Amino acid sequence: MRNAHLLLPTVTLLVMAFAMPGCAGTKTVKSPPAQTAAAPDTLDRLAEPDFLFTGKGKRPGNSLRVKALAYTCSVGKKKSKHTPRGAWGDLLTEEVNAVAVSPDLLDLGLDRGDLITIEGLPGKYKVLDVMHSRHDKTIDIFYGDDRCGAMQWGKRSLTITWQ
């Protein structure tokens, strides 16, 4: 019984893990956004002279190694009557793959509405929120109401890419 002091915290963690519905043993991965036949974003840009003649179409994507966290907008079991919004007022819904970025990433060229690719996740994610200034080289992936999925994501180090 030398390790009896470890028994109570271990049992407590196990009970909590199995008591939370949908959390124990589930691995939630956000689904990719719906794909369209043609990329209308690219086609619209071709009509803009600035896009064609400033070299933006030929520029390789920027990439950066960042810390990736996950966040939700639900607090406990209470559901808010209001739809959550990002720092610029954009609606954050389950259908939109949204991320928040640290302010230093905005200085590196990311901006509101930019699409980024996240290593290990399918699809593209839209920059719709800004994190607190205490964070450096960090993104926060919006998980909607999926608190368990956000907790399972935890904190990771990965590479993001954007144009």
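Predicted model: local features only at pLDDT ≥ 70, side-chain atom pairs only at ≥ 80, totals over all residues.
1. Ground rules. Local features require pLDDT of at least 70 and side-chain atom pairs pLDDT 80 or more, while totals for chains, interfaces and linings use all residues. Numbering runs from 1 along each chain as its sequence is written, and side-chain values use heavy atoms, without hydrogens or water.

2. The barrel. In the order β1-β5-β2-β4-β3-β6, 6 strands close into a barrel with mixed pairing. Neighbouring strands of this sheet are turned by 45° against each other on average, direction ignored. Strands are DSSP E runs of at least two residues, helices H or I runs of at least four, both numbered from the N terminus. Pairing requires at least two DSSP bridges between two strands.

3. Pairings around β2 and β4. β2 and β4 run parallel, joined by 4 bridges. Here Val 101 stands opposite Val 130 of β4. β2 and β5 run antiparallel, with 3 bridges; Ala 100 has Asp 140 as its bridge partner in β5. β3 (residues 115–118) pairs with β4 (residues 124–130) in the antiparallel sense over 3 bridges.

4. Two faces of β2. Ala 98 and Ala 100 point one way, Val 99 and Val 101 the other. All are buried, that is, under 20% relative accessible area, against over 50% for exposed and in between for partly exposed (1.4 Å probe, protein chains only). In a regular strand the side chains alternate between the two faces of the sheet.

5. Cores. A nonpolar core joins buried Ala, Val, Leu, Ile, Met, Phe, Trp, Tyr and Cys residues through side-chain atoms within 4.5 Å. The largest has 21 residues, and Ile 116, Ile 118, Ile 139, Ile 141 and Ile 160 have the most contacts inside it. β1 (62–71) gives the most, with 4 residues. Apart from this core lies another of 7 residues, among them Tyr 71, Ala 98, Met 131 and Phe 142.

6. Ile 118. Beyond neighbours within four places in sequence, its contacts (heavy atoms within 4.5 Å) include Val 99, Ile 139, Ile 141 and Ile 160.

7. Asp 129. Which side chain of opposite charge is nearest to Asp 129? Arg 112, at 10.0 Å. Asp 129 lies in β4 and is buried without a salt bridge. Beyond neighbours within four places in sequence, the contacts of Asp 129 include Tyr 71, Trp 88, Leu 92 and Val 101. Lys and Arg count as positive, Asp and Glu as negative; His and the chain ends are not counted. A salt bridge needs a Lys or Arg side-chain nitrogen within 4 Å of an Asp or Glu carboxyl oxygen.

Methods
Axes fitted to C-alpha atoms, helices over the stretch in contact; angles between N-to-C directions.
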